[in-house]
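Hi,

Here is the structure I promised to send over. Have a look at it first, and my notes on what turned up follow below.

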Amino acid sequence: MNDFRAIADRVEIEALRGEFTDAAMMRDRARLASLFTPDGVLRMPNIPAELVGREEIRVGGERLQAQWDFFVQNSHPGVIQLDGDTATGRTYMHELARTLDGRQGQNFAIYHDRYQRTPDGWRFTERVYEVRYLDTTPLAGSAPRPGEAAPEGSATS
């Protein structure tokens with residue numbers, strides 16, 4: 001891969017995918033929505049949800065987020081296939097979550113992505129979320145509350 005443009009494109013797309021995970025973890029739905037083209041689509045058949053356009057992505061994300069006690073998302077790089085000003089790729093996910101109504105578990109999933117180069121950089125035109133493994137066994141851990149001391153023997157005590 002001697003083409004510096006292709007190298008830069010791959011770095012920028014990987015940064016876009018990292019920005020998505022950071023926005024999800026920081027509960028910054030406006031920033032997350034801005035990572036899509038204006039007509040971008042976020043499809044989550046297992047939820048089920050299909051959000052079209054930045055405003056639906058923001059509002060739908062806020063609705064889902066309002067149900068969380070906690071949510072931890074880890075992304076792992078997948079392939080990127082460049083084709084001029086468009087590209088496709090995959091991102092592999094591991095997530096832990098507990099909702100306020102007590103549903104909980106972890107999963108492994110794949111985002112199947114389509115990207116578009118825009119004047120503002122690379123953006124998602126589509127993300128399709130496919131769950132590959134779901135474990136609803138009660139989680140042993142919990143999210144610390146503000147001002148709560150770490151348990152004895154934990155890495156933070």
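A term to start with: buried means under 20% relative accessible area, exposed means over 50%, and partly exposed is in between, using a 1.4 Å probe and protein chains only. Also, this is a predicted model, so local features need pLDDT of at least 70 and side-chain atom pairs count only at pLDDT 80 or more, while totals for chains, interfaces and linings use all residues. Residues are numbered from 1 along each chain as its sequence is written, and side-chain values use heavy atoms, with hydrogens and water left out.

Helices (H or I, at least four residues) and strands (E, at least two) are DSSP runs, numbered from the N terminus. R98 sits in strand β4, and it counts as buried because its relative accessible area is 14%. Its side chain makes a polar contact of 3.1 Å with the side chain of Q104. By polar contact I mean a pair of N or O atoms within 3.5 Å; within protein, one must be able to donate a hydrogen and the other to accept it, and residues adjacent in sequence count only if both atoms are side-chain atoms. Setting aside neighbours within four places in sequence, R98 is in contact with W68, D69, F70, R103, Q104, L139, G141 and S142. Contact here means heavy atoms within 4.5 Å.

H94 belongs to β4 too, which covers residues 86-99. H94 is buried because its relative accessibility is 19%. The side chains of H94 and Q106 are joined by a polar contact of 2.7 Å. Not counting residues up to four places away in sequence, H94 touches V72, Q73, N74, H76, Q106, N107 and F108.

**How the strands pair**

Two strands pair if DSSP finds at least two bridges between them. β5 and β6 run antiparallel and are joined by 13 bridges, with a hairpin of 2 residues connecting them. Within that pairing, I110 stands opposite E130 of β6.

β1 pairs with β6 in the parallel sense, over 4 bridges. Here L42 has R127 of β6 as its bridge partner, and F36 stands opposite F124 of β6. β1 also pairs with β2 (residues 49-52), this time in the antiparallel sense over 4 bridges. V41 has V52 in β2 as its bridge partner, and a hairpin through 4 residues takes β1 to β2. P48 is in that loop between β1 and β2, and the peptide bond from I47 to P48 is cis, with omega near -10°.

Back to E130, which is in β6. Is E130 buried, exposed or partly exposed? E130 is partly exposed, because its relative accessibility is 27%. Its side chain makes a polar contact of 2.8 Å with the side chain of R132. Leaving out residues up to four places away in sequence, E130 touches N46, A109, I110 and H112. E130 and M93 are 37 residues apart in sequence, and 9.6 Å apart in space from C-alpha to C-alpha.

**The largest pocket**

Rolling a probe the size of a water molecule over the atoms shows where empty space is left. The largest pocket holds about 820 Å³ of space. Of the 32 residues lining the largest pocket, I47, W68, F71, A97 and N107 are the closest to its centre. A pocket is found on a 1 Å grid over the protein atoms alone, as an open set of points where a 1.4 Å probe fits, with protein on both sides within 12 Å along at least five of seven lines; lining residues have an atom within 4 Å of a point. Grid points are joined across faces, edges and corners, and the volume is the space filled by probe spheres set on the points.

Several elements each supply at least two lining residues, among them α1 (4-25), α3 (54-65), β3 (68-83) and β5 (104-118). By class, the lining has 17 nonpolar, 11 polar and 4 charged residues. Ala, Val, Leu, Ile, Met, Phe, Trp, Tyr, Cys and Pro count as nonpolar, Asp, Glu, Lys and Arg as charged, and the others, Gly among them, as polar.

**Two loop residues**

R27 is in the loop between α1 and α2. Phi of R27 is near 60°, a positive value in a residue other than glycine. R27 is partly exposed because its relative accessible area is 35%.

A66 lies in the loop between α3 and β3, and it counts as exposed because its relative accessibility is 56%.

Cheers
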